[in-house]
Amino acid sequence: MPRCGALRARATAPKAPAALPVLGSRRSPLAQTRVAAVEAAPYYCPTDAGLMSEEQRVALAKEMGYNHIGKELPDGVTLNTIVQSMPKDVFELDHGKAWRAVLTSVCSMAACLYLIHVSPWYLLPFAWALAGTAFTGWFVVGHDAGHRSFHRNNLVEDIVGTLMFMPLIFPFEPWRIKHNHHHAHTNKLEEDTAWVPIEEEKMKDWDSTTAGLFKFFLGTPLKLWASVGHWAIWHFDLSKYTEKQKPRVLVSIAACALFAFTALPALAYFMGPWAPIKYWLMPWLGYHFWMSTFTVIHHTAPHIPFRPAAEWNAAKAQLSGTVHCDFPAWVEFLTHDISVHVPHHVSSKIPWYNLRKAHASLKENWGDYMCECTFNWRMLRNIFTELHVYDEKTDGYKPFDYKKEETLFAVQRAAYGVPPSTTA
């Protein structure tokens, strides 16, 4: 699949390299050499997509399930330059819109719980899916509070964030700390805390059971629930936080414990032992489906590299290294446009209700350098079967079975219509 040597260039001759971008500094002789080498190569290397001709990028995007893969952002463009290019009003807070999001999420979740209550057993999966999507809206409200883009009063934001995260049993302050770290180090090797490729050095310490579990959960469609593992590993371990951070972290954990040990037992007591599963666990798993799906699509793609700190560029990581993905309108409504993700990474201070206007501005000014897709199976199957291990040669990905194809992945590739993996 889409690794160096795995995607052959089309038979037609490549077009001449596109003209240099208007913005940014001129390419260095070394960069010009890289462009020439990529243009002439008989194979596509996805992480060199930004240096390809337009024709090559179009072919690569079609092959991998993307609508558009942008060219490489010039080195002279800074993240601040991109931020300053957006209209000033996209950063303005509107308390009315913020509180209406709270109302929308509370009412939609209440309606979904009623739907679960009245649905016959064969309609429960649909009710659970809808409830999980509505539950994700609760997270998005707290998400804005964590980024200080919900209200002008930080105390209000802490209270709202904690309350909206409580039913998810998601500690607000630990998440806020680690999530802000993700924004500061997006796609930076060994620093990013979300969807980083696995390094071979760490795989050497795996026993057969550990290796099997990683492959089963990160190399199959179960990856779309992998945020459950991230939630458990990152947000309850006090050793991951400084002494100064711990008091606030403990308050958030206590709030989650309060919900877990009062609301859930009360649900079981008054409505029966099946009730916590029916009314909470299944919607919670639906929430984690969207949590995983949004974030893995936004930050995992064959052509988006993870760079070591010395080579990392903030503007390229946030603008070109974050994928915009269009989802069904009802999903975007219930989840408050969290899928409009590129402007959120360019500046996390933009509230959710201004993301679309910010995205339109970015697309107008920087669209040549952005990556876009529509939620589709071709893209997902590549993520499941191919994007696992950090490839030092390309700063991209290779599959778990890059040395020799394994049964777990061979069966999936055959079922999904994915060509067999090739060695580098």
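Lys215 has a relative accessibility of 16% in this predicted model, and it therefore counts as buried, the limit being under 20%. Its side chain meets that of Glu406 in a salt bridge, with 2.9 Å from N to O. Lys215 lies in helix 9 and Glu406 in the loop between strand 6 (396-398) and helix 18, so the pair ties together parts that are 191 residues apart in sequence. Glu406, at 26% relative accessibility, counts as partly exposed.

The patch covers about 520 Å² and is made by Leu213, Phe216, Phe217, Leu222, Trp225 and Leu408. Leu408 is placed in helix 18 (residues 407-416). With a relative accessibility of 31%, Leu408 is partly exposed.

The salt bridges come to a count of 22. Another of them joins the side chains of Arg307 and Asp395, at 2.7 Å from N to O. Arg307 is in the loop between helix 12 (275-299) and helix 13 (314-320), and Asp395 is in the loop between strand 5 (389-391) and strand 6, so this pair ties together parts that are 88 residues apart in sequence. Asp395 is buried at 9% relative accessibility, whereas Arg307 is partly exposed at 23%.

Glu201 and Lys204 form a salt bridge whose closest N and O atoms are 3.3 Å apart. Here Glu201 is exposed, with a relative accessible area of 55%, and Lys204 is exposed as well, at 62%. Elsewhere, salt bridges link Arg148, Glu157, Asp158, Glu173, Arg176 and Arg248 in a network.

A pair of aromatic rings is described by the distance of the centres and the angle of the planes. The whole structure holds 32 aromatic pairs. For Phe139 and Phe165, the ring centres are 5.2 Å apart and the planes are at 20 degrees, so the pair is stacked. Phe139 belongs to helix 5 (residues 124-146) and Phe165 to helix 6 (residues 154-165), so the pair ties together parts that are 26 residues apart in sequence. Both residues, Phe139 and Phe165, are buried. They are part of one aromatic cluster, formed by Phe139, Phe165, Phe170, Phe172, Trp175 and Tyr287.

Confidence remains to be considered. The protein chain has an average pLDDT of 89, and 89% of the residues score at least 70. Over residues 5-43, however, pLDDT stays under 50. For that stretch the model has 59 contacts beyond four places in sequence.

Conventions
Residues numbered from 1 in each chain as written. Predicted model: local features only at pLDDT ≥ 70, side-chain atom pairs only at ≥ 80, totals over all residues. Heavy atoms only, no water. pLDDT = per-residue confidence, 0-100. Contact = heavy atoms within 4.5 Å. Patch = residues over 30% accessible without salt bridge, like charges linked within 9 Å, V, L, I, M, F, W, Y side chains within 5 Å. Areas by Shrake-Rupley, 256 points an atom, 1.4 Å probe, with all protein chains shown as cover. Salt bridge = Lys/Arg side-chain N within 4 Å of Asp/Glu carboxyl O. Helix = DSSP H or I, 4+ residues; strand = E, 2+ residues; numbered from the N terminus. Buried < 20%, exposed > 50% of the residue type's maximum accessible area, 1.4 Å probe, protein only. Phe/Tyr/Trp six-rings, centres within 6.5 Å; stacked < 30°, edge-to-face > 60°.
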